[in-house]
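Student: Hi, I have a new model open and would like to talk it through. Could you take my questions as they come?

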Amino acid sequence: MSQSNASLSIGTQIQLSSSPKKPWGAAQGQIREIAKGILADDGSLATAPEGGWDWRISVASIEKAGDFTPYDGCERTLTVIAGELLELTVDGASQALEIYRPFKFPGAAATSAALPTGEILALNLITRSGKVRGNVRIVELSKKREQHLFGSQFGVLLQGKASVLRENSESALELRDTVIGGEEDSPRISGRGFMAVISLDLP
């Protein structure tokens with residue numbers, strides 16, 4: 001199942017490897033799209049209408065220094081998930097981003113990247129301003145305390161091993177794969193490692 005056709009139903013697991021790699025920028029790296037869509041009037045996830053989306057989640061490699069593609073009218077949250085350090089310059093202000101530290105910035109800002117310690121891999125969330133608010137937090141997983149994923153939340157396994165538990169099922173979650181949360185029979189994540197929990201809300 002490709003990510004663009006992936007179900008947005010509760011408990012769906014999206015394999016990163018199922019998304020084809022596409023170049024971005026001036027051949028600065030490769031991007032894999034995880035999921036995109038809109039939020040319905042009740043705040044639930046919904047597929048995007050033809051030609052538009054209000055939120056998009058992806059994983060991209062940054063292999064060369066250079067400028068980012070602008071996204072007017074959007075907010076971006078970038079999290080380094082592999083590699084040591086990314087230096088972003090956003091509207092002239094420099095910001096050093098270490099691994100697992102989400103950074104939010106305007107999508108329309110003039111943004112360029114430098115790679116002082118080599119290539120990195122980044123988790124990217126883009127949300128359309130006035131339509132969706134997005135938040136990314138990094139949680140440490142524990143077998144003693146399960147991580148619940150609720151409505152309009154995504155969990156992306158960044159490191160370690162984990163299982164997805166529901167009322168009548170248990171399945172493995174592979175590295176850098178994603179599971180979709182929900183209010184009814186919300187998926188619970190048990191394991192060791194780190195997970196990015198992405199939350200989407202109406203403004």
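Student: Is Arg-101 buried or exposed?

Tutor: Arg-101 is exposed, at a relative accessible area of 53%. The cut-offs are under 20% for buried and over 50% for exposed, with partly exposed in between (1.4 Å probe, protein chains only). Bear in mind that this is a predicted model, where local features need pLDDT of at least 70, side-chain atom pairs count only at pLDDT 80 or more, and totals for chains, interfaces and linings use all residues. Residues are numbered from 1 along each chain as its sequence is written, and side-chain values use heavy atoms, with hydrogens and water left out.

Student: Thanks! Which residue forms a salt bridge with Arg-101?

Tutor: That is Glu-98, with the closest N and O atoms 3.4 Å apart. A salt bridge here is a side-chain nitrogen of Lys or Arg within 4 Å of a carboxyl oxygen of Asp or Glu. Glu-98 itself is partly exposed, at 42% relative accessibility.

Student: Why do such side chains pair?

Tutor: Side chains of opposite charge can pair when their charged atoms come close.

Student: How many salt bridges does the structure hold?

Tutor: There are 5. One of them joins Arg-188 and Glu-146, at 2.8 Å from N to O. This pair links distant parts of the chain, 42 residues apart: Arg-188 is in strand β18 (residues 188-201), and Glu-146 is in the loop between β13 (133-141) and β14 (147-148). Strands are DSSP runs of E with at least two residues, helices are runs of H or I with at least four, and both are numbered from the N terminus.

Student: How accessible are Arg-188 and Glu-146?

Tutor: Arg-188 is partly exposed at 21%, and Glu-146 is partly exposed at 32%.

Student: Which residue forms a salt bridge with Asp-185?

Tutor: Arg-166 does, with the closest N and O atoms 3.5 Å apart. Here too the pair links distant parts of the chain, 19 residues apart, with Asp-185 in the loop between β17 (178-180) and β18 and Arg-166 in strand β15 (residues 153-166). Asp-185 is partly exposed at 30%, and Arg-166 is partly exposed at 23%.

Student: Changing topic: where is Gly-83?

Tutor: Gly-83 is in the loop between β7 (74-82) and β8 (85-90), and it is partly exposed at 35% relative accessibility. Leaving aside neighbours within four places in sequence, Gly-83 is in contact with Ile-99, Glu-119 and Ile-120. Gly-83 and Glu-119 are 36 residues apart in sequence, yet 6.4 Å apart in space, C-alpha to C-alpha.

Student: And the whole protein: how many helices and strands?

Tutor: The count is 0 helices and 18 strands. The radius of gyration is 16 Å, close to the 17 Å that the globule rule gives for 203 residues, so the protein is as compact as a globular protein of that length. That radius is taken over C-alpha atoms, and the rule is 2.2 Å times the number of residues to the power 0.38.

Student: What share of the residues is buried?

Tutor: Buried residues make up 48% of the 203. Among contacts with a separation of 6 or more, 68% come from residues 24 or more positions apart.

Definitions and conventions: Contact = heavy atoms within 4.5 Å.
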